[in-house]
Amino acid sequence: MSNKTIVIKIGTNTLFEEDILRDDVIDSLAISINELRKESTNFAIVTSGAVQSGANELNLSERPKNLKELQVASAVGQVSLINKYKEIFNSHQLNIAQVLISKNVLEDRNQFINTTEALNGLISKNIIPVINENDVVATEELKFGDNDRLSAIVSILLKADKLVVITDKEGLFDSDPEKIEKAKKIENIEYNSEELNDLIPKSSSGKGMGGFSTKIMAAQMAGFSGIETQIISWSPNCINEVVKDSKIGTIIKPSKKNIKLRKLWIAFGMTIDGEIVIDDGAIEALNADASLLSKGVMNVNKSFEENSGVEVKSSKNELIARGVVNFSSKEIQDLKETENTVVIHKDNLLIL
């Protein structure tokens, strides 16, 4: 039997009740994981809660709001939070490792690969990675967004079979169930459907930073990468139900395409340094699995060097693809006037 890999993202609102960390939630999680690992299922956990843990230890009356105070609370809270995971998981004969990740780690191709290998190495030794964003070194530009986006990236790195997002709601609804009595829960939805995009609410509530908008965007990232997402509410048996394919919560169905890890790095890890505008003929060629040639380039925006990451757009400013260029912006401008050369090879190009 081949092993499944499940990434579990658990939020602050689930882990805390009236600002007190719920040992029973972590204990139930450990019990389920211990049972399911015997059935060839591996797990990685992306956990929120460090800031709230730190706020408790610092005797703060509310969650900090500015970046420096968030960093301090997170640094203090990481220790108590991971120690609680260690204490409870060890009591069930489970070993854990703390993994802190910041977004810039994934922007470098080699570090992207190294992070993948490190996570897989832990799992291969029956050690459960407990992952959080490295808030202490994060800036506003580097933050993942309440760990939802981080959970999608971890799922991509591990080529997970499923991303499970545990929240304080039963799943996604067609409208706000706290405001509209007849709001209906959505059982299944496609990751790239207009309906899902239209559901993204402009809200952020509770103890964590992320509202449901970040959870939907995480599901879209995972779905693009061929990974199913299930958004559920917490119950002591919820992980068992998910692994046994119970149709609880909302299931967000993924793409059926098999995208290589390098192209997923191009999609979600690579730093974008510039922009190339192409004509309709080039768009048609790219969609037919061709490389981008210099004759299809209409314009180059921003200055960038050889091997930079760029976005490829249409003349109407529609995002067509992302890729790694073979030439600098100046060289591309010169090439499109004189010869027809491969600007981005199709192996370094991801159509979006």
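## Strand S14 and its hairpin

Two strands count as paired if DSSP finds at least two bridges between them. In this predicted model, strands S14 and S15 form a hairpin with 5 residues between them. Asn317, in the turn, has a positive phi of about 70°. The two strands run antiparallel and are joined by 5 bridges, with Gly309 of S14 partnered by Val324 in S15.

S14 also pairs with strand S11 (residues 274-278), in this case in parallel, through 4 bridges. Here Glu275 stands opposite Glu311 of S14.

## Burial of S14

In a regular strand the side chains alternate between the two faces of the sheet. Both faces of S14 are covered: Gly309, Glu311 and Lys313 are buried on one side, and Val310 and Val312 on the other. Because 5 of the 5 residues of S14 (residues 309-313) are buried, the strand is largely enclosed by the rest of the structure.

## Salt bridges

The whole structure contains 16 salt bridges. One of them joins Lys313 to Glu311, with the closest N and O atoms 4.0 Å apart. Lys313 has a relative accessible area of 14% and is buried; Glu311 also counts as buried, at 16%. Glu275, Glu311, Lys313 and Arg322 are linked in a network of salt bridges.

Lys330 and Asp334 meet in another salt bridge, at 3.4 Å from N to O. Both residues lie in helix H13 (residues 329-338), 4 residues apart, about one turn of the helix. Lys330 is exposed at 59% relative accessibility, whereas Asp334 is partly exposed at 40%. Arg22 forms a salt bridge with Asp24, the closest N and O atoms being 2.8 Å apart. Arg22 is partly exposed at 23%, and Asp24 is partly exposed at 41%.

Terms used
Residues numbered from 1 in each chain as written. Predicted model: local features only at pLDDT ≥ 70, side-chain atom pairs only at ≥ 80, totals over all residues. Heavy atoms only, no water. Buried < 20%, exposed > 50% of the residue type's maximum accessible area, 1.4 Å probe, protein only. Salt bridge = Lys/Arg side-chain N within 4 Å of Asp/Glu carboxyl O.
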